[in-house]
Structure formats: structure tokens, C-alpha cells
Amino acid sequence: YIDDNKLCRALLQYRNTPSRKDGISPAQKLFGHPIQDTLPAHRKSFAEVWQRSMQEAEDKAAASLERSESFYNTHAHNLPDIHIGTHVALQNPTTKLWDTYGIVTDIGPYRRYHIKTSSGRVFVRNRRFLRRRVPTSIPLGSEHPIAEDTHSSRGLPRRSNRQRQPTKRLIA
């Protein structure tokens, strides 16, 4: 069973509690002063002199944002921009291999790139998971270099050309 009065008092107290970030409670942000709650307080504690100004809070929030931004950017690398139409390699998120290739079709906000592969699938990746690449083209008259000397074109499994060793059996 939930007591509604206790819940309301708890919410009132929570709304009147200053945040760690800027030292101002949600009630102060909304009304410009703290609201009276169930905790006893002297009436002078609601005076303007004791209230932090909103400008102080905004300055403190801006300084906090600047600190976090500088901390975030300490190990950041400035990567060169990739333009639309550039051939790129994508890093596979599970294997960490650069095994998918495509062309940049769109550039979104926050270094977000849309890459279209040869199969038609569109990937969305951050700039750090893309590398420029020079596309290699295969002349029209030749076979694919991987398909040579393999039976994959006939649907047979690929076998090794290694010389097999005779089986050594234990004779008792």
C-alpha cells in the first residue's frame, strides 16, 4: 500500500533539492526561488541574498561543459574529411576487419556517413570506422583471381593440393 501524502512530500522534497551540476533545484529553475516544503526552514533562508543567481548557475554549467569537452577531446584524432562518392572500406564491428567496401552516398550530422555497398545494402557508420581506399578493377576479359584453380565455379568444394601422408595405424 502506497501512502499518497508521503509520495507527494517526497516528490516535493526531490524537486527542491539542488542538483550537483549547477547547484540549483528544479523548483528554483522554474520559479526563481526554492519552494516551501515539509522540512523546517527559517523564513530568511528564502531571501534573495541567499539564492544563487541563474547567471552563476549558467556560468558553472558552461564551465562544466567546457571541462567535459576538453576531457573528451584529449585523445581525439582529426581525421580527414571523406566526400560523397569516395570509395571506402568499412570495419566489421565484430571481427574488427576492414572487409566491406562501398561508396559514400550521404554525410549526416556528427561524422555519420551512409555507405552503399556493391550488393545495394546501405550502412551507416561513424567516420572512425571508415578508411579511404583505391578501388581495384578487374579487366573484363579475365577471370576473378580468386576463382582460378578452384572448383567453386562448378559447385564442388575446394580441396587442398597438399600431398597427403599415409595413415599411421597402431598395430598390436
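**Reading a predicted chain, feature by feature**

Tutor: Let's begin with contacts. Take the pairs in the protein chain that touch and lie at least 6 apart in sequence: 36% of them join residues at least 24 apart. Keep in mind that this is a predicted model.

Student: Okay, so how confident is the predictor, and what is the average pLDDT of the protein chain?

Tutor: pLDDT is the predictor's confidence in each residue, from 0 to 100. Here the average is 82, and 82% of the residues score at least 70. Over residues 141–152, though, the pLDDT is below 50. That stretch has seven contacts in the model beyond near neighbours in sequence.

Student: How many helices and strands does the protein chain have?

Tutor: You'll find three helices and five strands. Following the sequence, the pattern is α-α-α-β-β-β-β-β.

Student: And how much of the protein chain is buried?

Tutor: Buried means under 20% relative accessible area. Of the 172 residues in the protein chain, 16% are buried.

Student: Which residues make up the largest nonpolar core?

Tutor: A nonpolar core is a set of buried residues joined through side-chain atoms. The largest one here has eight members: I82, V88, L90, V104, Y113, I115, F123 and L130. Two strands, β1 (87–90) and β3 (112–117), each supply at least two residues of this core.

Student: Can we zoom in on one member? What is L130 in contact with?

Tutor: Leaving aside neighbours within four places in sequence, L130 contacts I82, V88, A89, L90, W98, Y113, I115 and R125.

Student: Where is F123, and is F123 buried or exposed?

Tutor: F123 belongs to strand β4, residues 122–126. Its relative accessibility is 16%, so F123 counts as buried. Not counting residues up to four places away in sequence, F123 touches L90, T100, Y113, H114, I115 and T117. Distance can be read from C-alpha to C-alpha too: F123 and T105 are 9.9 Å apart in space and 18 residues apart in sequence.

Student: What about a loop residue such as N16: buried or exposed?

Tutor: N16 sits in the loop between α1 and α2 (26–31). With 12% relative accessibility, N16 counts as buried, because the cut-off is under 20%. Beyond residues up to four places away in sequence, N16 touches S25, A27, P34, I35 and D37.

Student: Where is Y110, and what is its phi?

Tutor: Y110 is in the loop between β2 and β3. Its phi is near 60°, again a positive value in a residue other than glycine. Y110 is exposed, with a relative accessible area of 70%.

Student: Last one: which residues make a nonpolar surface patch?

Tutor: To join a patch, a residue needs over 30% relative accessible area. I2, L7 and L11 make a patch of about 290 Å². L7, placed in helix α1 (residues 4–15), has a relative accessible area of 44%, so L7 is partly exposed and passes that cut-off.

How values were computed. Residues numbered from 1 in each chain as written. Predicted model: local features only at pLDDT ≥ 70, side-chain atom pairs only at ≥ 80, totals over all residues. Heavy atoms only, no water. Patch = residues over 30% accessible without salt bridge, like charges linked within 9 Å, V, L, I, M, F, W, Y side chains within 5 Å. Areas by Shrake-Rupley, 256 points an atom, 1.4 Å probe, with all protein chains shown as cover. Salt bridge = Lys/Arg side-chain N within 4 Å of Asp/Glu carboxyl O. Helix = DSSP H or I, 4+ residues; strand = E, 2+ residues; numbered from the N terminus. Buried < 20%, exposed > 50% of the residue type's maximum accessible area, 1.4 Å probe, protein only. Contact = heavy atoms within 4.5 Å. Core = buried A, V, L, I, M, F, W, Y, C linked by side-chain atoms within 4.5 Å.
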